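Subject: Structure handover and notes

Hello,

Please find the structure below, for your files.

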Amino acid sequence: MKTLSPKSWGARSMASLLALPLLPVHASVQNPGLAPAPPMGFNNWARFMCDLNETLFTETAQSMLDRGLLDVGYDRLTLDDCWMSHDRAKDGSLQWDAERFPHGIPWLTKYMNSKGFQLGIYQDSGNLTCGGYPGSYEHEEQDAKLFASWGIDYLKLDGCNVWGEEGRSLREEYRVRYMQWHDILTAMPKPLIFSNSAPAYFEGKDGDWAVVMNWVPESGELARHSADVINYAVDGNAWESIMYNYDFHTRLVRYQQPGYYNDPDFLIPDHPSLSMNEKKAQFEVWASIGAPLILSAYVPDLSDEEIAFLSNKALIAVNKDPLAQQSALVSRDGKFDVLTRSLENGDRLLTVLNRGADTATTTISVERLGLSSKSCKYEARDLVTDEVSTIDSAIKVQLESHAAKVYRIALPEKCTKTTPTAMVFNTPSGLCMTASTDSVTFEKCSGSDSQVWHVAATGQDTKLTLSPLSDESVCLAAGDELSLAKCQGGDGINWDHYISGHLRSSSGDCLTQTKDKASVEACVIDSVGQIFGLPSGVRLAKGDLN
């Protein structure tokens with residue numbers, strides 16, 4: 001785990017680039033059956049840090065069983081740092097701390113299995129863990145085989161105490177070490193689910209974070225992409241910590257797919273600084289964006305109300321939806337975040353989050369959700385209250401401060417078509433692409449129709465057109481200059497979106513943000529002005545940008 005000071009929870013700028021080609025590997029994105037849904041369960045770190053022992057885990061498991069959490073999917077408990085002895089055995093093997101775990105880890109695994117749970121474990125890719133215990137460096141295969149022999153099926157691999165070897169840069173070193181672990185785990189008769197923490201070590205470093213993010217879906221089943229969520233013992237603002245990680249998460253829509261999940265860190269429903277609205281909103285947002293649902297709380301002391309919202313079957317079903325899309329930002333205006341995605345059965349998911357300090361109301365048109373307003377009526381089910389309302393042109397939402405709502409919108413048979421619709425924004429700067437009379441600029445996101453874009457596929461390949469909601473008859477076009485041109489018969493209106501975030505026109509140049517200016521320039525793999533987030537469901541171009 002990477003511990004940051006409270007000052008680090010504020011907004012940061014970062015650069016995004018891609019410098020290394022993807023390796024031909026066989027990981028989760030090629031074998032999504034290893035993790036068909038985001039993992040759910042418990043981890044001790046944010047609540048207890050190094051204060052863990054056998055009793056904590058047996059009590060937690062029994063409470064999760066008694067209070068119905070196992071029944072709704074929380075089936076995985078993971079030991080974090082400090083579970084081991086400070087010294088390896090004579091043969092180099094890791095040893096558990098016999099005082100903390102008097103019966104041993106194999107016994108604990110069997111206990112968990114007897115209750116219907118799986119046991120996961122923590123290690124570090126450096127020579128020491130973050131807590132100063134033996135790391136895995138130069139013991140990778142030995143440790144992996146040992147964990148498997150104990151019945152462990154999930155590995156959280158941290159990234160403390162890593163340095164560049166053999167002239168490699170630090171980000172190259174992380175890739176080497178995590179890919180080595182990937183290869184070891186993949187070759188095992190029963191591969192372990194692999195949680196990668198490498199991106200979290202670059203989230204404040206310009207030019208490195210997106211490089212790492214570009215390869216992690218090839219290395220395992222989930223990846224921690226930003227800071228540790230605030231620890232229970234820290235006297236700080238937990239809501240700011242949650243929102244900090246959530247903001248990083250919104251930049252990563254294009255990476256998530258069946259078998260791989262972006263991880264914004266733990267649910268912390270018993271943190272003393274959180275209001276009930278904030279506790280519920282974290283769960284509702286995490287579930288709706290397809291994030292892992294891993295509790296770090298003292299489960300026996302959670303209130304009945306907290307257990308109830310954590311057990312919401314409708315939201316958990318959304319979280320486990322086989323399509324595995326991540327919700328994308330439709331709009332952001334400084335108060336309301338509006339997100340949407342599609343579900344496997346064709347339903348459309350709408351999530352609304354009030355980040356403002358006061359109760360407020362917003363109205364969201366069906367066009368913003370990628371739906372048609374022509375003679376169509378939709379049923380919107382509130383996944384918390386189970387209330388159903390009928391909408392034809394728009395849905396009106398009132399929310400208290402730091403509260404969220406999630407709606408599952410059913411599409412009638414004659415209105416099943418959806419179009420990926422959301423902001424197009426530069427992920428390093430956070431500025432939104434904004435349509436003007438005949439061209440585009442980049443401005444602070446305000447939630448206007450000129451900042452919401454329909455993205456349509458134009459054929460069987462990955463070609464796309466981008467049309468602003470304010471004038472759907474025109475499309476983003478690249479010629480000698482960037483412009484808005486008629487979609488029918490216009491030149492240069494076809495674009496490819498790459499895993500690196502680049503939008504390349506049919507002319508071969510890439511959309512570029514320079515301050516508030518938009519242009520098309522030669523594609524540069526490490527240009528931070530060429531990294532863009534698009535709606536969920538947009539098809540990515542195959543192969544490398546080059």
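The notes cover a sheet, the disulfides and a pair of helices.

This is a predicted model, in which local features need pLDDT of at least 70 and side-chain atom pairs count only at pLDDT 80 or more, while totals for chains, interfaces and linings use all residues. Residues are numbered from 1 along each chain as its sequence is written, and side-chain values use heavy atoms, with hydrogens and water left out.

The sheet

Six strands make an open sheet with antiparallel pairing, in the order 9-10-11-16-13-14. Strands here are DSSP runs of E of at least two residues, and helices are runs of H or I of at least four, both numbered from the N terminus; two strands pair if DSSP finds at least two bridges between them. Strand 9 (328-332) and strand 14 (388-391) are the edge strands, each pairing on one side only. From one strand to the next the twist averages 25 degrees (axes are lines fitted to C-alpha atoms, for helices over the stretch in contact, and angles run from 0 to 180 degrees between N-to-C directions).

Although strand 9 is an edge strand, five of its five residues are buried, so it is largely enclosed by the rest of the structure. Buried means under 20% relative accessible area, exposed over 50%, and partly exposed in between, with a 1.4 Å probe and protein chains only. Four bridges pair strand 9 with strand 10 in the antiparallel sense, and alanine 328 stands opposite threonine 340 in strand 10. The hairpin of these two strands has three residues between them, and glycine 334 takes a positive phi near 95 degrees there.

Strand 10 then runs antiparallel to strand 11, with seven bridges joining them. Valine 338 is opposite valine 352 in strand 11. These strands also form a hairpin, with five residues between them, and glycine 346 in the turn has a positive phi of about 100 degrees.

Strand 11 (residues 348-354) pairs with strand 16 (residues 404-410) over six bridges, again in the antiparallel sense. Leucine 350 faces tyrosine 407 across that pairing, and arginine 348 has isoleucine 409 as its bridge partner. In a regular strand the side chains alternate between the two faces of the sheet. Both faces of strand 11 are covered: Arg348, Leu350, Val352 and Asn354 are buried on one side, and Leu349, Thr351 and Leu353 on the other.

Helix 8 (residues 276-288) lies across strand 10 (336-342), strand 11 and strand 16, at about 35 degrees to strand 16.

The disulfides

A search of the whole structure finds six disulfides, a disulfide being a pair of cysteine sulfur atoms within 2.5 Å. With the bonded cysteines numbered in sequence order, the pairing is 1-2, 3-4, 5-6, 7-8, 9-10, 11-12. Cysteine 130 is in the loop between strand 3 (118-124) and helix 4 (140-149), and cysteine 160 in the loop between strand 4 (154-158) and helix 5 (170-187), so the pair ties together parts that are 30 residues apart in sequence. Cysteine 130 is partly exposed at 27% relative accessible area, whereas cysteine 160 is buried at 15%.

Cysteine 376 and cysteine 415 form another disulfide, also given as 2.0 Å between sulfur atoms. The link is left-handed, with -90 degrees about the S-S bond. Cysteine 376 lies in the loop between strand 12 (360-365) and strand 13 (378-382), and cysteine 415 in the loop between strand 16 and strand 17 (421-422), 39 residues apart. Both cysteine 376 and cysteine 415 are buried.

Cysteine 510 is joined to cysteine 523, S to S 2.0 Å, in a right-handed link with 95 degrees about the S-S bond. Cysteine 510 belongs to strand 27 (residues 509-514), and cysteine 523 to the loop between strand 28 (517-522) and strand 29 (532-533), 13 residues apart. The relative accessible area is 0% for cysteine 510, which is buried, and 22% for cysteine 523, which is partly exposed.

The helix pair

The axes of helix 2 (residues 54-66) and helix 3 (residues 105-115) come within 10 Å and cross at roughly 5 degrees. The two helices are therefore roughly parallel to each other (angles under 35 degrees count as roughly parallel, over 145 as roughly antiparallel, 65 to 115 as roughly perpendicular and the rest as oblique). Residues making the contact (heavy atoms within 4.5 Å) include Phe57 and Leu65 of helix 2 and Trp107 and Met112 of helix 3.

Regards
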